[in-house]
Amino acid sequence: MYLIPIVLAVALTGLNAVITCAIGRSALYSSRQKALQIGLVWLLPVFGSMLVGGVLWSNHDKSSRPRHPADLHAGAIAGTGDPTSHEP
């Protein structure tokens, strides 16, 4: 009878914990931004987790290494789509 709400609460807590860890490990944000995002995740559990998790996931591809060996030789920065762009 109480199994479904308990399972949902445990799943939501687990999702929030995973998103919180991902925010903490991210190098894309300042400590203040991380604190605000973690607050959003825990204050608005379902919506906050989906919003912050979606933003982290979309930024994950931009911060990853180039996927194609030709991009490495061309000096492309991953996620920019411009093979002529270089980091300073």
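Leu43 counts as exposed because its relative accessibility is 71% (exposed, over 50% relative accessible area; buried, under 20%; partly exposed in between; 1.4 Å probe, protein chains only). The model is predicted, with local features requiring pLDDT of at least 70, side-chain atom pairs counting only at pLDDT 80 or more, and totals for chains, interfaces and linings using all residues. Residues are numbered from 1 along each chain as its sequence is written, and side-chain values use heavy atoms, with hydrogens and water left out.

Leu43 lies in helix H2 (residues 31-43), where helices are DSSP runs of H or I with at least four residues, strands are E runs of at least two, and both are numbered from the N terminus. Together with Leu44, Phe47, Leu51 and Val55, Leu43 forms a nonpolar surface patch with about 490 Å² of accessible area (Shrake-Rupley method, 1.4 Å probe, only the protein chains shown counting as cover for residues). Patch members have over 30% relative accessible area and no salt bridge, with nonpolar side chains (Val, Leu, Ile, Met, Phe, Trp, Tyr) joined within 5 Å and like charges within 9 Å; a salt bridge places a side-chain nitrogen of Lys or Arg within 4 Å of a carboxyl oxygen of Asp or Glu. Helix H3 (residues 45-63) supplies the largest share of the patch, 3 residues.

The largest nonpolar core consists of 6 residues, Ile19, Ile23, Tyr29, Val41, Val52 and Leu56 (buried Ala, Val, Leu, Ile, Met, Phe, Trp, Tyr and Cys joined through side-chain atoms within 4.5 Å). Helices H1 (3-25) and H3 each give two or more residues to this core. Of the 88 residues in the protein, 20% are buried.
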